[in-house]
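Please have the sequence and the coordinates open while reading.

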There are 2 protein chains.
Amino acid sequence: MNPNLIDTLTVKNDTKIVFLILDGVGGLPLPGGDKTELETANTPNLDRLAERSICGLLDPIGYGITPGSGPAHFSLFGYDPLKNNVGRGILSAAGIDFPMTERDLFIRFNFATADKNGRVIDRRAGRIDSETNERLCRKLQEGIRLDSYDVFFETVKEHRGLIVLRGDNMRDEIEETDPQKVGMPPIPPKALTPEAEKTAAVIAELTEKAKEVLSDEEKANMMLLRGYAKYRSFPGLNERFGLNPLAIANYPMYKGIARLLGMTVNQQTNTIEEEFDALRENYEKYDFFFLHVKPTDSRGEDGDFDAKVKVIEEVDSLLPAITELHPDVLVVTGDHSTPALLASHSWHPVPVLLSSDTCRPDSAKRFGEKECINGGLGRFPMVYLMGVALAHARKLTKFGA
Amino acid sequence: MNPNLIDTLTVKNDTKIVFLILDGVGGLPLPGGDKTELETANTPNLDRLAERSICGLLDPIGYGITPGSGPAHFSLFGYDPLKNNVGRGILSAAGIDFPMTERDLFIRFNFATADKNGRVIDRRAGRIDSETNERLCRKLQEGIRLDSYDVFFETVKEHRGLIVLRGDNMRDEIEETDPQKVGMPPIPPKALTPEAEKTAAVIAELTEKAKEVLSDEEKANMMLLRGYAKYRSFPGLNERFGLNPLAIANYPMYKGIARLLGMTVNQQTNTIEEEFDALRENYEKYDFFFLHVKPTDSRGEDGDFDAKVKVIEEVDSLLPAITELHPDVLVVTGDHSTPALLASHSWHPVPVLLSSDTCRPDSAKRFGEKECINGGLGRFPMVYLMGVALAHARKLTKFGA
């Protein structure tokens, strides 16, 4: 089934849907153990919810595929992650929550070191730290002006940054300037199609001016451009499903992705508790809520099983703040698995729980991976989750007569 | 998900994967019984493995589809069996483990009987036996020489054989010569495209010469050509996944398929025990092992439930030879089901067990079809098995940022 079939079936009503996303929640037991992080956690509220819910397992992309955060979140919201594999420049911009416009070209770059003849001697400028990067971006921002174009220099991390070039008719068919090895000069930013000539000329001017601005730097005296991506727009959750969605997230990446998909992004929160408070405070104003909990993933990435368990227990203790609102549909799941055992994202399917008045009972009595295997939702591609949620919220009409 | 997505994500490392394939292992209970062959067999080693593994069910081609051995094995190794439905000529050549080259044209033929006017009176030459076929092939091999072409006459079985024509610019757009009914002369091997004229002329010469060589035969005095297939190459497991694979099989068909998919084929073995020994002896030299056990299928085809049970028990008793090597991933499954009850291949999904250090616990406590229904792998298309195995062997990187 084409994941976009549901777009043709949506109807408006005043039911409310909450997606509580515990990033990287799926896990594995530690060696010798037989319980995952979620199964180890003491979660009386989630378990009570599981009894009245329907459970299952989701594959974010496909069998055996470990997803990045970008495609996994696209899948969560019903966007085919393979057909919408967004360029890294756009995800970088989303990752720093940069307010994108459709006139933007995103250029990923590294700071680098050149010798006096202009040959690259270090493609990462000695891996400068993020503070140095921020200082350099400010210096570039103050030192460079272009006729008819706006330009923004943004720190990503360490030697990596993002240029946003804003103007009319931007194109991205342009040669990358990173020569990929030392001892060579940068490659000129040549247009790869006739239509890209004008953009290429602006980029050539930009890199020349950057060289001047950086000429007194010892390490980072050059920029190497590593990939171009024009802004790409997506039909938002409103356009596709008629929803009025609010995103609540502490980390910029997820706010960026939510904004790409047409969600309103809540003002800055910093703790999980503040996120739950924000949902309560805004509950009347929206009909779809994406509440993103990051530390399940972070503690998984740290390889810290016990700390990940604690995050899950914290979420569980806050859960009544949502259940007391009686949303018509409450989904609790993750975007992917991040087992502490692997200290990284993984390919394992993600446990999911869907609570509503129209759930068929299944045998899952608590929220954990093993119970989810035989849950009533079964195992299915994550991209179809949104349709199932909309259906339970009675926001989808019949297909065919 | 396109099964070829994994090709873009492979990374090299030194983990090892073993595919232990019990051909036709999936079964059915006999009338009045409630256990399949696999469930009836006493398999302490497989059961112990199942406890620490993840189990499931595989569909070789699709719901309700009974596969031939060719497509089933393509599916096992991650090749879409519908997009890679290899011509029967190539499978016939694989079936006799013929050493194929890219200059080969494969022509399936029947020996037939013609009357004195050259009209076909028996399209199968009275179903001659395989020994007669072998004698006739030797006679043709000795009696026929072609300018600029090599030709090989190979017995397949009974009245069926395979001609391999080797030369430059071979084409397969040529009319089949079997008139499909008796009382008619053979159809001339006419070229169906201008490019095939030259090949068609050689084939006409070949059939004339064959008629002379066979003229003193009472039954098999003619050949009817029944299908042409040019050699087709496939990207091998090395090219697709960076693997260095070894195939261990006693039967020619499976060695042929393995060779088509770029595997090194081990020297001849004759018993299951010799196959297991070969795996141990070669364990350091390869990182992917396909060990093919044929008699599960053969006894199923015989309709001999008890004999199939015994083969499974023999494999179980040999299993420690593999588990003691501690492969990073060990998969035990079949290419399809061959229930003794049906005495043929069937459409039933195939039980699968995958053992590795990164398996999530499931509730399957022994290796059998019923336990596999609720196993943690769920039920999925066989073509995705290779990706799951590569993922558990940590040979796949993340999709997207």
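How many residues of domain 1 of chain A are in contact with domain 2 of chain A? Six residues of domain 1 of chain A touch five residues of domain 2 of chain A. By class, the domain 1 side of this contact has four nonpolar residues, one polar residue and one charged residue. The domain assignment of chain A places residues 3-86 and 235-392 in domain 1, and residues 92-230 in domain 2. The centres of the two domains of chain A, taken over C-alpha atoms, are 36 Å apart.

**Confidence**

The model is predicted. The predictor gives the complex an ipTM of 0.88 and a pTM of 0.89. For chain A the average pLDDT is 95, and 100% of the residues score at least 70.

**The contact between the chains**

Chain B contributes 22 residues to the contact and chain A contributes 27 residues. On the side of chain B that touches chain A, β13 (378-381) and α14 (385-392) of chain B each supply at least two residues. With four residues, α14(B) gives the most to that side. The residues on the chain B side divide into 12 nonpolar, seven polar and three charged.

How are the two chains related? The copies use different surfaces, as 5% of the contact residues of chain B recur in chain A.

**A covered strand in chain B**

Strand β10 of chain B spans residues 288-293, and six of its six residues are buried. In a regular strand, side chains alternate between the two faces of the sheet. In β10(B) both faces are covered: F288(B), F290(B) and H292(B) are buried on one side, and F289(B), L291(B) and V293(B) are buried on the other.

Which strands pair with β10(B)? Strand β1 (residues 17-22) of chain B runs parallel to β10(B) and is joined to β10(B) by six bridges. Within this pairing, V18(B) stands opposite F289(B). Strand β8 (residues 245-249) of chain B also pairs with β10(B) in the parallel sense, over five bridges. Here P245(B) has F288(B) as its bridge partner.

**A covered helix in chain A**

Helix α14 of chain A, residues 385-392, is mostly covered, with seven of its eight residues buried. The buried residues are L385(A), M386(A), G387(A), V388(A), A389(A), L390(A) and H392(A). Which elements cover the buried residues of α14(A)? They include the strands β1 (17-22), β2 (54-59), β11 (329-333) and β12 (350-355) of chain A, together with the helices α3 (69-76) and α7 (237-241) of chain A. After α14(A) comes R394(A), whose phi is positive, near 60°.

**Residues in loops and at a helix**

Two further residues other than glycine have a positive phi. R127(A) has a phi near 50° and lies in the loop between β4 (120-122) and α5 (130-143) of chain A. A125(B), also with a phi near 50°, is found in the loop between β4 (120-122) and α5 (130-143) of chain B.

Is A125(B) buried or exposed? A125(B) counts as buried because 27 other C-beta atoms lie within 10 Å, and the cut-off for buried is 20 or more. R127(A) has 13 other C-beta atoms within 10 Å, so it is partly exposed. E51(B), which lies in helix α2 (residues 44-51) of chain B, is partly exposed because 14 other C-beta atoms lie within 10 Å.

| Residue | Other C-beta atoms within 10 Å | Class |
|---|---|---|
| R127(A) | 13 atoms | partly exposed |
| A125(B) | 27 atoms | buried |
| E51(B) | 14 atoms | partly exposed |

The C-alpha atoms of E51(B) and Q268(B) are separated by 34 Å, and the two residues are 217 residues apart along the chain.

Conventions. Residues are numbered from 1 along each chain as its sequence is written. Chains are lettered from A and ligands numbered from 1 in the order in which they are written. This is a predicted model: local features need pLDDT of at least 70, side-chain atom pairs count only at pLDDT 80 or more; totals for chains, interfaces and linings use all residues. Two residues are in contact if their C-beta atoms, placed from the backbone, lie within 7 Å. Ala, Val, Leu, Ile, Met, Phe, Trp, Tyr, Cys and Pro count as nonpolar, Asp, Glu, Lys and Arg as charged, and the others, Gly among them, as polar. A residue is buried if 20 or more other C-beta atoms lie within 10 Å of its own, exposed if 12 or fewer, and partly exposed in between; C-beta atoms are placed from the backbone. Two strands pair if DSSP finds at least two bridges between them. Domain bounds come from an automatic or database domain assignment. pLDDT is the predictor's confidence in each residue, from 0 to 100.
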